[in-house]
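Visitor: I would like to learn how to read a protein model. Please start with pockets.

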Amino acid sequence: MKLTSEQAAKRIMVALDYPDAAAAERLIEELKGIPCYMKVGLQLFYAAGPSFVESLKKRGYYVFLDVKMHDIPNTVKGGASSVTKLGIDMFNVHAGGGTAMMEAAMEGVQAALPNGSTAPAVIAVTQLTSTSVSVMNEQIGIPGPVEESVIRYAKLARTAGLQGVVASPSEVVAIKSACGANFVTVTPGIRPAGSDVGDQSRIMTPGEALRQGTDYMVIGRPITASPEPRAAIESIIEELIAVD
């Protein structure tokens with residue numbers, strides 16, 4: 001089924017990889033009225049704090065808080081409770097923390113959820129899209145293909161009750177096959193044709209990623225570093241609408 005413009009925009013998570021709120025605000029103003037997700041990562045969250053996230057929600061944006069929690073279960077439970085209170089729509093933990101840690105994150109969400117409120121989606125990071133097979137095998141110490149590790153982590157996340165995972169677009173089909181069509185995939189490593197690859201090693205264009213069945217695509221520099229960010233995201237939306 002073809003996407004509408006609004007549906008296509010909601011598939012896009014704009015990575016607000018900025019050093020402070022003022023720098024991020026310039027882009028947010030440029031994209032005003034486009035119903036996309038805003039992804040707040042570690043750099044901006046550490047600099048601008050929870051109040052910035054709350055301000056995004058007050059302005060009607062969907063927010064993915066990309067803080068990649070990875071600690072002992074009790075600490076992650078507390079962190080999950082804290083970010084749930086911000087009213088965010090999604091946040092993530094590292095699948096490498098294990099099932100007990102991921103279950104603790106879900107417990108933290110439920111403990112902090114006001115009555116009648118919608119819980120944020122909790123997803124797990126599998127392998128970073130900057131991780132090549134040689135890095136994973138030789139430096140991290142996990143043998144075998146990257147996809148094998150990704151699927152193992154995805155199954156652990158599903159067992160722990162999480163709604164989905166972060167993975168590269170090339171692994172979406174295998175994840176959906178292993179965990180079900182409704183298991184959410186959030187895919188960084190999205191680069192429109194002609195864009196600089198940067199530090200990503202497993203990438204696809206937006207159209208290719210959508211054809212693979214991904215639910216959300218994280219896009220940063222092709223939008224944020226563009227001289228015309230609004231035109232850049234509108235071009236991506238048009239590409240997604242055109243996918244059969």
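Guide: On a 1 Å grid over the protein atoms alone, a pocket is an open set of points with protein on both sides within 12 Å along at least five of seven lines, while a cavity is a set where a 1.4 Å probe fits but cannot get out; lining residues have an atom within 4 Å of a point. Note that this is a predicted model, in which local features need pLDDT of at least 70, side-chain atom pairs count only at pLDDT 80 or more, and totals for chains, interfaces and linings use all residues. Residues are numbered from 1 along each chain as its sequence is written, and side-chain values use heavy atoms, with hydrogens and water left out.

Visitor: Which residues line the second largest pocket?

Guide: Its lining consists of I28, E29, K32, G33, I34, P35, C36, R59, G60, Y61 and Y62. The volume of this second largest pocket is about 150 Å³. Grid points are joined across faces, edges and corners, and a volume is the space filled by probe spheres set on the points.

Visitor: How is the lining of the second largest pocket divided by class?

Guide: Ala, Val, Leu, Ile, Met, Phe, Trp, Tyr, Cys and Pro count as nonpolar, Asp, Glu, Lys and Arg as charged, and the others, Gly among them, as polar. The lining has 6 nonpolar, 2 polar and 3 charged residues.

Visitor: How many residues does helix α5 have, and what span is expected?

Guide: Helices (H or I, at least four residues) and strands (E, at least two) are DSSP runs, numbered from the N terminus. The expected span of a helix is 1.5 Å times one less than its number of residues. Helix α5, residues 73-84, has 12 residues and reaches 16 Å from its first C-alpha to its last, close to the 16 Å expected. Helix α8 has 14 residues and reaches 20 Å between its first and last C-alpha, close to the 20 Å expected.

Visitor: Which residues of α5 are buried?

Guide: Buried means under 20% relative accessible area, exposed over 50%, and partly exposed in between, with a 1.4 Å probe and protein chains only. In α5 the buried residues are V76, A80, S81, V83 and T84. Their cover includes β3 (62-69), β4 (90-94) and α6 (99-112).

Visitor: What do the buried residues of α8 pack against?

Guide: The buried residues of α8 are V146, S149, V150, I151, Y153, A154 and A157. They pack against α6, β5 (121-125), α7 (133-140), β6 (164-166) and α9 (172-179). After α8 comes G161, whose phi is positive, near 95°. G161 sits in the loop between α8 and β6 and is partly exposed, at 36% relative accessibility.

Visitor: Which residues of the largest nonpolar core touch the most other members?

Guide: A nonpolar core is a set of buried Ala, Val, Leu, Ile, Met, Phe, Trp, Tyr and Cys residues joined through side-chain atoms within 4.5 Å. The largest one has 67 residues, of which V14, L16, V40, F91 and V93 touch the most other members. Helix α8 (residues 146-159) supplies the largest share of this core, 6 residues. A second, separate core of 13 residues includes Y37, A121, V166 and V184.

Visitor: What is V93 in contact with, beyond its neighbours within four places in sequence?

Guide: Contact means heavy atoms within 4.5 Å. With those neighbours left aside, V93 is in contact with K68, M69, V76, M101, M102, A105, I123, A124, V125 and L162. K68 is itself in strand β3, and has a positive phi of about 50° although it is not a glycine. K68 is partly exposed, at a relative accessible area of 26%.

Visitor: Is T126 buried or exposed?

Guide: T126 is classed as buried because its relative accessibility is 6%. T126 is placed in the loop between β5 and α7. Leaving aside neighbours within four places in sequence, T126 is in contact with V150, Y153, A154, V165, V166 and A167.

Visitor: And where does L210 lie?

Guide: L210 is in helix α10, residues 206-212, and is buried, with a relative accessible area of 13%. Apart from neighbours within four places in sequence, L210 is in contact with L3, R11, M217, L240 and V243. T126 and L210 are 84 residues apart in sequence and 19 Å apart in space, C-alpha to C-alpha.

Visitor: Why is E138 classed as exposed?

Guide: E138 is exposed because its relative accessible area is 67%. E138 belongs to helix α7.
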